[in-house]
Amino acid sequence: RPRGGRRPRMQLAAWLLTVAALQSPARLVPARTAVPMFRKRSGLSVMTAQPKGDQDRPAAAPPPVGALAGVADDRDALALHARLCLRAAEDDEFGRTLRQGLDVCTQALRLYGPAGVITSFNGGKDAVAILHLMRAALAAHCDRAGIEPLRLPVLFFEQEDEFPEVDAFVRQAVSRYDLRLYAYSNLSFAPGLAKCIEESGAKAFVLGTREGDPNSKGQEAFAPSSDWMPPFMRVNPVIRWRYSDVWTFLRGFSLPFCPLYSCGYTSLGKRADTVPNPALLRPSGSYAPAWLLPDETLERAGRSTAAKNRKAAGGSGGLVHGAADAVSAGEARAPVNGASGNGRGSAAESAADSVASELDRGSEAAAAATAVVALTR
């Protein structure tokens with residue numbers, strides 16, 4: 001036997017094992033890093049990853065729509081646009097509704113330019129919806145043009161009998177989203193618009209008008225102003241949205257809204273003509289939140305009820321609810337960003353602080369708390 005004869009035997013054995021391994025079917029070993037998998041549901045498209053060792057199990061249920069939507073900061077308008085586009089790509093009823101609304105805003109900016117479009121913002125639910133559609137569209141417009149982000153111009157008409165919660169919400173939203181505010185008081189509707197157009201050079205106003213609103217007859221996504229008003233283009237991104245679509249949008253993307261909607265209000269006007277919606281009255285005497293309204297045709301029932309109450313009381317005014325009760329008729333209401341006024345009453349200041357707290361809490365607050373060009377909110 002040659003010297004060191006065991007080595008050839010070991011080499012031969014290793015060679016035979018290699019040949020056998022090559023001829024046998026390979027067994028796939030799961031990767032240690034989970035691969036993201038896209039799943040579709042009725043809400044947002046969500047991305048879930050299976051944990052290590054669980055590749056043979058069904059994927060866990062995706063998080064609720066609001067939970068995913070609230071991950072991003074609502075102040076980041078470009079990120080919001082990306083989230084809206086993701087949801088709008090879904091081929092379902094709300095996806096198509098959202099896509100149409102976002103496209104109307106995009107086209108308005110293309111046609112009139114960022115400086116030529118002003119968004120009506122009165123603090124109501126529809127106004128909040130168009131505010132965020134426009135914020136997202138403007139951020140994307142600036143990004144495509146390769147320019148620095150621009151402040152979104154908004155229009156607000158102050159009312160003598162405004163809910164302090166609405167006033168505080170508008171005030172805080174202007175600060176939170178760094179909006180460029182055009183605020184007017186002691187001006188009627190048409191003169192106020194004329195003054196805004198003169199000061200801003202606006203060619204179009206984005207409105208929260210929806211089908212069924214008192215002023216919606218004959219309007220489309222783009223509609224010229226009426227003869228009795230200054231010439232401008234009305235832009236209606238949510239004209240085809242239903243009541244439920246508005247709440248799907250606001251709550252699905254965890255966007256803050258006026259806390260009065262959590263107290264049973266479904267349509268906001270002045271304090272004298274607005275009460276919680278009787279259709280949301282619970283046996284306990286409290287009110288369910290606005291998004292639980294069982295019949296969308298009753299959206300304005302709180303307004304008609306207030307009118308009946310006022311008539312029965314001999315025109316002395318309607319009922320109010322919640323923190324609005326804390327402000328007496330004689331207290332001065334604070335102006336918005338320098339608009340005319342005599343200062344802030346203590347109750348209004350308290351309401352502003354309350355709404356500021358809700359806004360700062362972001363998605364959690366939105367889920368829990370959750371003259372304008374069109375007076376319908």
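What we have is a predicted model, where local features need pLDDT of at least 70, side-chain atom pairs count only at pLDDT 80 or more, and totals for chains, interfaces and linings use all residues. Residues are numbered from 1 along each chain as its sequence is written, and side-chain values use heavy atoms, with hydrogens and water left out.

Let's start with the sheet. It is open and mixed, with 6 strands in the order β5-β4-β3-β6-β8-β7; strands are DSSP runs of E, at least two residues, numbered from the N terminus, and helices are runs of H or I, at least four. Two strands pair if DSSP finds at least two bridges between them. β5 (180-184) and β7 (222-224) each have a single partner strand, so one side of each has no neighbour in the sheet.

Now the salt bridges, meaning a side-chain nitrogen of Lys or Arg within 4 Å of a carboxyl oxygen of Asp or Glu. There are 14 in the structure. In one of them, Asp74 meets Arg176, with the closest N and O atoms 2.7 Å apart. Asp74 sits in the loop between α2 and α3, while Arg176 is in helix α6, 102 residues apart. Both Asp74 and Arg176 are buried, that is, under 20% relative accessible area with a 1.4 Å probe, protein chains only (exposed is over 50%, partly exposed in between).

Salt bridges with shared partners join Lys125, Asp126, Arg210 and Glu299 into one network.
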